[in-house]
Amino acid sequence: MGKPTGFLEYNRETAKVLPPKVRIANFKEFRTPLNKEKQKLQGARCMACGVPFCQAGMMIGGMASGCPLHNLVPETNDLVFTGNWKQAYLRLSKTHSFPEFTSRVCPALCEAVCTCNLNGEPVSTKENERAIIETAYAEGWVVPQPPKVRTGKTIAVVGSGPSGLAAAQQLNRRGHNVTVFERSDRIGGLLRYGIPNMKLEKSVIDRRLKLMEAEGVKFVTNTNVGVDITAEELLKKFDRVILCCGASNPRDIKVPGRDAKGIYFAVDFLKKVTKTLLDSDFTKAPYEEAKGKHVLVIGGGDTGNDCVGTSIRLGAKSVTQLEMMPMPPVERAASNPWPEWPKVLKTDYGQEEAIAVFGHDPRVYQTTVTEFIKDKNGNVCQAKIVKLKGEKDPKSGRMMMVPVEGTEEVIPADLVLIAAGFLGSQKYVTDAFKVATTARTNVETKPEAYETSVPRVFTAGDMHRGQSLVVWAIREGREAAKAVDESLMGYSYL
């Protein structure tokens, strides 16, 4: 695949990005893809290795390695190299529902395990994927694929995030009648309101939704299943129900002063910003949320980084991002060999922007909040923080992060955004359907299965797996679709 000596002849090259101080002026995507000829050379770097971990999608060392969708990576890279763009699109479509989403927001599990990583830089598979799907759209190859025959079977998908959309797409193309229910005012779930526009422009989602509607998928918004419509009603009206409601319980910070005004969960904050942009057709942004404020972001993951980048665009006076764990090493440790996921320091777009604007990295490691301090009006104005150290619990033997005496500090904080992860599915939904849940409150199924403890009710995505990546949600949606199809028809070719 590719050019046998390509990885020796060509250096890795990725899309050009606008300078941080330029791109923070708006909420638009800021990457300019390579031209076709340069992208072909990136496809040439795929080295035809004997064991392509890039498409394995397996667990190694307790972490996912390679693409969970099992995309035929060496084949698509080769087709990019030879300029067979339409064949590349058709090959990618065999395994993938929405390459336009993952090629923008995925952390590229495929690249992390690329054999070129052993002694150099990986093939730019993620950007090759984006070039494939955007070329396909530009050339008119991505067209509605309505089924030729309808089965008469009806399916309700609850939740319109990546897992729900993937399940709906597959089952509709199979010939079943699919209706997707969404409690928000717009379709997309996490893709719409959890990921900022500069990472995933919402027109990209709308483009795909128009195709799905043309294929026959029905979308119902502003309908909260379990509140506006009962589980019994859905099960009476539909042959099968798939719960794809996400891991919607944010992990809270329970310390004194938590009731202060100006403290928000990260996704609520990001949703408000995106909704304001969309409602105004991008003529208005909620600058009042962060302008001139000292912003404190609690959590060092992708969502925390999105809060950093969003706050800077809204005119924050300063941004501090707290991370409980130690700073990762710059290079792989000996205990973290390839092809495991590399536990190394990653500086994402939001942190890059903070460094450019404020002159320093916003992240403060091994630190947590012990108290929020209010002003006379009940607004948060400061936060007490403390350093942490790793210590083994004498009972369980597990490492715990514990406070270090004498390291307490008070910092300004006019806006606090909690991005500490999610705990699982929301109780009112699982109670409505009476499905069993795990200790982590995820919906329980048999291993590698998607049917819940309640007949005819299935689940997929973060609600089933726990907080994870968009690419994993798409895989779960596709696999749940196959399980539903088999339960309806006795077999499946999905």
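This is a predicted model: local features need pLDDT of at least 70, side-chain atom pairs count only at pLDDT 80 or more; totals for chains, interfaces and linings use all residues.
Which residue forms a salt bridge with R208, and how far apart are the closest N and O atoms?

**View 1. The salt bridge between R208 and E100.** The partner of R208 is E100, with 2.7 Å between the closest N and O atoms. Distant parts of the chain are linked by this pair, as R208 belongs to helix α11 (residues 202-215) and E100 to helix α6 (residues 99-105), 108 residues apart. Both R208 and E100 are buried.

**View 2. The salt bridge between R31 and E127.** The closest N and O atoms of R31 and E127 are 2.8 Å apart. R31 is partly exposed, at 38% relative accessibility, whereas E127 is buried, its relative accessible area being 13%.

**View 3. The salt bridge between E371 and K384.** The side chains of these two residues, E371 and K384, meet at an N to O distance of 3.3 Å. Because E371 lies in strand β13 (residues 367-374) and K384 in strand β14 (residues 380-392), the pair ties together parts that are 13 residues apart in sequence. E371 is partly exposed, with a relative accessible area of 25%; K384 is also partly exposed, at 32% relative accessibility.

**View 4. A network of salt bridges.** The residues linked in this network are E29, R104, R130, E134 and R207. The structure contains 34 salt bridges.

Methods. Residues are numbered from 1 along each chain as its sequence is written. Side-chain values use heavy atoms; hydrogens and water are left out. A salt bridge is a side-chain nitrogen of Lys or Arg within 4 Å of a carboxyl oxygen of Asp or Glu. Buried means under 20% relative accessible area, exposed over 50%, partly exposed in between (1.4 Å probe, protein chains only). Helices (H or I, at least four residues) and strands (E, at least two) are DSSP runs, numbered from the N terminus.
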